[in-house]
Amino acid sequence: MQVSGIAAVVTGGASGLGAATAAHLAKRGARVFALDLPAALARASLPAGVAGVEADVTSEDDVRAALATAAGDGSPLRLVVNCAGVDTPGRVLGADGPHDLAGFRRVVEVNLVGTFNVLRLGAELMARTEPLADEQRGLIVNTASLFAFEGQAGHAAYAAAKGGVVSMTLPAARDLARYGIRVVTIAPGIFETPLVATLTEELKAAGLAEQFVSGLAGGPPWPRRYGRPEEFAAFVEAIAEHDYLNAEVVRFDAGLRVAFGKP
């Protein structure tokens, strides 16, 4: 499936991986709709070909309205990319007591429930498009994390949410196969994003930054650096073009296997 001439929706499209993906797809000829919260869109400088649409991914009404805008623009909706995500670090039991339950719920609500909300409603509209020559209608790309496999101390909520995204990939792909819709999940490693910048500051405050960087330098076979959002964006396009790739979770982390954090 070529991205030129299609409509594409990218959640979390105002910053980080979402912004890079939206910009890349627009350069490749897609009509892109970047879904994000109003405050995030107000801070963003969206490139040509990318329209900002205010939406909370956890809201059914918001997402329905945003997807209807994309689907009604004149180009067939064939690509949905879930990049919206949050993290609220906290130990299961820390110095101040047990993990805040509301904070745990919020992380799961945005990262897992929000992803599912956009997936299900995006699939509903995508299924109404005219199929391509091979009966394919489109692709939904979800974003997990290496934390789904190697969750770190202080990030139980994030690991649980991203693990859920990983686990629903296969059943979602099986459910949507009859409509010619593929589902693929990318599990990125450590990328240069605002979320990772926050993590880096936390590590510094905890005295773990040097330990983490040392582990990163000795962990992946190559390259020994953080990933770039532009690389994630190009990978989304590559998945779109490779029609035989479906129902898969792809680690995109240069072979990184992180094990750090004080017990």
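This is a guided tour of a predicted model, stop by stop.

**Before selecting anything**

Residues are numbered from 1 along each chain as its sequence is written. Local features need pLDDT of at least 70 and side-chain atom pairs count only at pLDDT 80 or more, while totals for chains, interfaces and linings use all residues; side-chain values use heavy atoms, with hydrogens and water left out.

**Whole protein**

Show the protein as a cartoon: there are eight helices and nine strands. Both are DSSP runs numbered from the N terminus, helices being H or I with at least four residues and strands being E with at least two. Of the 263 residues, 49% are buried. Buried means under 20% relative accessible area, exposed over 50% and partly exposed in between, with a 1.4 Å probe and protein chains only. Among contacts (heavy atoms within 4.5 Å) with a separation of 6 or more, 75% join residues 24 or more positions apart.

**Helix H3**

Select residues 60-71, which form H3. The end C-alpha atoms of H3 are 16 Å apart, in agreement with the 16 Å that its 12 residues should span at 1.5 Å a residue. The expected span is 1.5 Å times one less than the number of residues.

Which residues of H3 are buried? They are Val-63, Ala-66, Leu-67 and Ala-70. Looking down the axis of H3, these buried residues fall within an arc of 95 degrees, so they line one face of the helix. The arc is taken over the directions from the helix axis to the C-beta atoms. An α-helix has 3.6 residues a turn, so residues three or four places apart point the same way.

**H3 against H4**

Select H4, residues 101-126. The axes of H3 and H4 come within 10 Å and cross at roughly 35 degrees. Axes are lines fitted to C-alpha atoms, for helices over the stretch in contact, and angles run from 0 to 180 degrees between N-to-C directions. On the H3 side, show Glu-60, Val-63, Arg-64, Leu-67, Ala-68 and Ala-71; they meet Asn-117, Val-118, Arg-120, Leu-121, Gly-122, Glu-124 and Leu-125 of H4. The residues of this contact divide into seven nonpolar, two polar and four charged. Here Ala, Val, Leu, Ile, Met, Phe, Trp, Tyr, Cys and Pro count as nonpolar, Asp, Glu, Lys and Arg as charged, and the others, Gly among them, as polar.

**Two loop residues with positive phi**

Go to Glu-135, in the loop between H4 and strand S7 (138-143). Its phi is near 70 degrees, a positive value in a residue other than glycine. Glu-135 is exposed, at 52% relative accessible area.

Next, select Ala-247 in the loop between helix H8 (229-241) and strand S9 (248-252). Ala-247 is not a glycine either, yet has a positive phi of about 60 degrees. Its relative accessibility of 25% makes Ala-247 partly exposed.

**Val-183**

Select Val-183 in strand S8, residues 181-188. Val-183 is buried, at 0% relative accessibility. Leaving out residues up to four places away in sequence, Val-183 touches a set including Leu-119, Leu-139, Ile-140, Ala-172, Leu-176 and the Ala-247 of the previous stop. Met-168 is 15 residues from Val-183 in sequence, with 9.7 Å between their C-alpha atoms.

**Ala-153**

Finish at Ala-153, in the loop between S7 and helix H5 (156-176). Ala-153 is partly exposed, at 38% relative accessibility.
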